[in-house]
Amino acid sequence: MGIVEELESAIDMVDLVGRYTKLKKSGANYKALCPFPGHSEKTPSFMVSPTKQIAYCFGCHKGGGAVKFIMDIENCSFREAIEILSSLTGIKVNGNFGNDNFKEKKNLYSLYKDATNYYKNALKNYPEVKKYLYDRDLNEEIINNFNIGYSDSGIELFSYLKSKGYEDEQISESQIFLDIKSKKDKFIGRVIFPIQNSRGDFVAFAGRILDKGEPKYLNSPASKIYDKSNILYNIFNARQAITKEDFVIICEGYMDVIALNRGGILNCVAVSGTALTEKHLTLVKRLTKKVFLCFDGDSAGQKATKLSLEKMKNEGFEVRIISLPNGKDPDEIISSGKDFKEFIKNALTPIGYFIKKSKFNTESLEDKKILLTEALELIKSYSDGIEKDFYLKELSKLLEIKESIVYDRFNKIKFSYKKSDEDANLKAKNNISSKEMIIAYCLIDESNLEFFKQKIIFEEYLPKDLKEIFENGIEKINNFPLEKKEKIRGISLKIEDSENYKNSLNKAEDLEKIMNGLNREIFKQTEEALKQKINSGDNDALLEYTKLINKAKKSGIK
Ligand SMILES: [Zn+2]
């Protein structure tokens, strides 16, 4: 058995996919909104089959067996997917398997983990640093849960890492040290907040200065394992709370997340030192569609809120904004003993937030009119009808304007819904060829193969891969490239799941239609190719062309 087969037979797809997204049972299969990066949708195209052990999205054609699924959802290489599955299943992968790049990454991950342990242990020796943390209401449990540590000595950290077997070069690459010769830790004297990726690997550090000084936080630079645009602080630890509560609170910083945890609110993450990115949203989308933004009340926080709202618009998220009293952050709210859940309960919709932040005086008739127009423009930019309706009703209440007037004004705004390029892309990707359909049908039932073979018209122009299947059987699909094979497996799942297939009265007729489609495709392509050859003076092509046309006429294709 190959390593792929071995890993895939050791893991259950429903279980594996369930780690990334919530699945709903639907007949024999499970369905969900597409969890893959770059595809957002409102009706589920993603399906998991417990019997076929595949997970596939028919919208973006991503997914397949466990290996392909991991490659697509983690956006990683084949080798990395194998490593991930190997650590999930406990099946050891042959040492020669990983390439150098991966080994390096692996070492950086384990190096960061070892450094985290070093910092954690170091903190125990500094009661004054602990007191600093206790003074900020952090207790032992929080310190432990968030793996908080302290950077005390670069020399000791260096020799600790050496004792763990890391080479100078690897330590240098970790970028923990300012200068590896003098063994200067760049975080020296700072409280360390280790940062984990969505799989729980330690990938970076944020060091907070103890007294007043700049910068308040020092962050690890971007590296092979750390790209802050796809890291949400605490998402690994919060993932269960997020799916349980079915919403996530996105804050600005590490201390906000820690403060909320102190207040018993566990379903929170932070973007650290960056705006909310599409990659962040992909991570969130796997766990929940409901997002509460909780940025600071200052102008930077308001700007971040506005940008984030734009990013999430029309991506299928339900968004609320937690509005904190002027200049306060979650830390201060929790520390003052207030119940943060009240702020969650009173969170604003994007329209509510827009009205609240506007500088207009709603007592003034003139201001009210301008505000109404601006709010209607904003509502217009949403594409979902129900969402729009919801906001219009809210707007009527907030501005104390009769609903009928609000709707009337709204309808007067001309709609110019431009289909985005992304939509067009998706549609193009959605194309399934007749050839793929045929192989998928053979996969469902190999006896279909004989049926198709009898209906071939242009034997000599049959695509190579299809010919291989027709001549040597469906198991030759295993020689296809992974992507191609998984797409066909996905299509076969879709066919079997369709009402059309289940209720079909005349299966032979269905198969014939598909084969006719292929015959026509082959004819058109060949005709086109031969015409071009003829135009360039190829006489043999002319003869071939005549034969093709005759055959097509005889069989009723032309
Ligand atoms: Zn998809």
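Which residue meets the side chain of D135 in a salt bridge? The partner is K131, at 3.0 Å from N to O; a salt bridge here is a side-chain nitrogen of Lys or Arg within 4 Å of a carboxyl oxygen of Asp or Glu. The structure is a predicted model, in which local features need pLDDT of at least 70 and side-chain atom pairs count only at pLDDT 80 or more, while totals for chains, interfaces and linings use all residues. Residues are numbered from 1 along each chain as its sequence is written, and side-chain values use heavy atoms, with hydrogens and water left out.

**Overall organisation**

- The secondary structure comes to 27 helices and 15 strands, where helices (H or I, at least four residues) and strands (E, at least two) are DSSP runs numbered from the N terminus.
- Along the principal axes, the C-alpha atoms fill a box of roughly 90 × 75 × 50 Å.
- The protein is divided into domain 1 (3–89), domain 2 (100–226), domain 3 (230–347) and domain 4 (432–554); these bounds come from an automatic or database domain assignment.
- The centres of domain 1 and domain 2, taken over C-alpha atoms, are separated by 34 Å.
- Of the 558 residues in the protein, 47% are buried; buried means under 20% relative accessible area, exposed means over 50%, and partly exposed lies in between (1.4 Å probe, protein chains only).
- Among contacts with a separation of 6 or more, 64% are accounted for by residues 24 or more positions apart; a contact means heavy atoms within 4.5 Å.

**The zinc site**

- The zinc ion has as its protein donors C34 (SG), H39 (ND1), C57 (SG) and C60 (SG), which lie 1.9 to 2.3 Å from the ion.
- Donors are N, O and S atoms within 2.8 Å of the metal (3.2 Å for Na, K and Ca), and sites may look incomplete because water is not among the atoms.
- The site is tetrahedral, with angles of 100 to 115 degrees among the four donor atoms; four donors count as tetrahedral if all angles lie between 85 and 135 degrees.
- The donor residues follow the spacing C-x4-H-x17-C-x2-C in sequence.
- C34 is buried at a relative accessible area of 3%, and C60 counts as buried at 7%.

**Strand pairing around β2**

- Strand β1 (residues 24–26) runs antiparallel to β2, and three bridges join them; two strands pair if DSSP finds at least two bridges between them.
- Within this pairing, K24 stands opposite K31 in β2.
- The hairpin of β1 and β2 has two residues between the strands, and G27 takes a positive phi near 65 degrees there.
- β2 also pairs with β3 in the antiparallel sense, over three bridges, and A32 has F46 in β3 as its bridge partner.

**Salt bridges**

- The count comes to 28 salt bridges.
- D135 and K131 are four residues apart in helix α6 (residues 127–135), so about one helical turn separates them; D135 is exposed, with a relative accessible area of 51%.
- K345 forms a salt bridge with E342, with 3.2 Å between the closest N and O atoms.
- K345 and E342 are three residues apart in helix α15 (residues 340–345), so they too are separated by about one helical turn.
- K345 counts as exposed at 63% relative accessibility, whereas E342 is partly exposed at 37%.
- E486 and R489 form a salt bridge in which the closest N and O atoms are 2.8 Å apart.
- Both E486 and R489 lie in helix α24 (residues 482–497), three residues apart, and E486 is buried at 2% relative accessible area.
- A network of salt bridges links K68, D72 and E483.

**Surroundings of V203**

- V203 is found in strand β10 (residues 202–209) and is buried, with a relative accessible area of 0%.
- Leaving aside neighbours within four places in sequence, V203 is in contact with Y109, Y112, I195, Q196, N197, I225, Y226 and I231.
- S220 is 17 residues from V203 along the chain, and their C-alpha atoms are separated by 8.8 Å.

Methods. Four donors count as tetrahedral if all angles lie between 85 and 135 degrees; four count as square planar and six as octahedral if opposite donors are over 155 degrees apart and all others between 65 and 115; anything else is irregular.
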